[in-house]
Amino acid sequence: MRKNSIKNIRINEEVLRHLSEIIRSEIKDPRINPMTSVVSVEVAPDLKTCKAYISVLGDEQSQKDTLTGLKSAEGYIRRSLAREINLRNTPQITFIIDQSIEYGVHMSHLIDEVNGSR
């Protein structure tokens with residue numbers, strides 16, 4: 001299976017949807033910020049690994065705590081994902097903090113400052 005095949009895209013969307021639902025409603029870890037969202041998911045073509053890019057609304061410490069909580073709950077998340085999605089292999093999930101939304105807001109503020117100074 002190629003990386004951008006239709007099957008791989010569909011698997012990515014399904015994993016994204018179920019992973020978001022699991023993090024939002026099933027995990028009760030107090031370290032995980034309630035404003036955590038899964039931005040995108042990349043499942044490897046062999047279905048062995050998965051990179052989950054998450055965005056956390058909050059400061060740097062909140063992001064670190066959320067990442068720590070998600071890493072400790074990875075076994076539970078993987079087991080829940082295996083129950084929900086019928087795949088040959090349930091991928092090993094790696095959580096990565098996605099800074100793109102924060103970067104976009106920062107750039108927007110900089111552009112507004114430049115336009116306001118004219």
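Predicted model: local features only at pLDDT ≥ 70, side-chain atom pairs only at ≥ 80, totals over all residues.
When I say that two residues are in contact, I mean that they have heavy atoms within 4.5 Å of each other. With that in hand, let me start at Gln63, which is placed in helix α2, where helices are DSSP runs of H or I with at least four residues and strands are runs of E with at least two, both numbered from the N terminus. Leaving aside its neighbours within four places in sequence, Gln63 is in contact with Val56, Gly58, Ile97, Gln99 and Glu102. Gln63 has a relative accessible area of 7% and is therefore buried; buried means under 20% relative accessible area, exposed means over 50%, and partly exposed lies in between, with a 1.4 Å probe and protein chains only.

Residues are numbered from 1 along each chain as its sequence is written, and side-chain values use heavy atoms, with hydrogens and water left out.

Now to the chain as a whole. It has 4 helices and 3 strands, and their order along the sequence is α-β-β-α-α-β-α. The C-alpha atoms fill a box of roughly 60 × 35 × 20 Å along the principal axes, and of the 118 residues, 35% count as buried. If we take the contacts between residues at least 6 apart in sequence, 63% of them join residues at least 24 apart. The chain exposes about 7,800 Å², of which carbon and sulfur atoms supply 53%; such areas come from the Shrake-Rupley method with a 1.4 Å probe, and for residues only the protein chains shown count as cover.

Let me turn to the interior. In soluble globular proteins, nonpolar side chains tend to be buried together. A nonpolar core, as I use the term, is a set of buried Ala, Val, Leu, Ile, Met, Phe, Trp, Tyr and Cys residues joined through side-chain atoms within 4.5 Å. The largest one here has 23 residues, and those with the most contacts inside it are Val15, Leu19, Ile27, Leu70, Ile77 and Phe95. Two or more residues come from each of α1 (6-26), β1 (36-43), β2 (49-56), α2 (60-72), α3 (74-84) and β3 (92-97), and α1 gives the most, with 5 residues.

Which residues of α3 are buried? They are Glu74, Ile77, Ser80 and Leu81, and, seen down the helix axis, the buried residues fall within an arc of 130°, so they line one face of α3; the arc is that of the directions from the helix axis to the C-beta atoms. These buried residues pack against α1, α2 and β3, whereas on the other side of α3, Arg79 and Arg83 are exposed.

On the surface, Val39, Ile101 and Val105 form a nonpolar patch with about 230 Å² of accessible area together. Patches are made of residues with over 30% relative accessible area and no salt bridge, with like charges joined within 9 Å and nonpolar side chains (Val, Leu, Ile, Met, Phe, Trp, Tyr) within 5 Å. Val39 lies in strand β1 and, at 35% relative accessibility, counts as partly exposed; Val105, in helix α4 (residues 100-116), is also partly exposed, at 44%. Apart from neighbours within four places in sequence, Val39 is in contact with Leu16, Tyr53, Ile54, Ser55, Asp98 and Ile101.

Finally, the charged pairs. A salt bridge is a side-chain nitrogen of Lys or Arg within 4 Å of a carboxyl oxygen of Asp or Glu, and the count by this rule comes to 3. Arg17 meets Glu14 at 2.9 Å, N to O, with both residues in helix α1 and 3 residues apart, about one turn of the helix. Arg24 and Glu21 have their closest N and O atoms 2.7 Å apart, and because these two are 3 residues apart in helix α1, about one helical turn separates them. Arg24 is exposed, at 62% relative accessible area, and Glu21 is partly exposed, at 34%. The remaining bridge joins Asp29 and Arg31 at 2.9 Å, N to O; here Asp29 is buried, at 18%, while Arg31 is partly exposed, at 36%.
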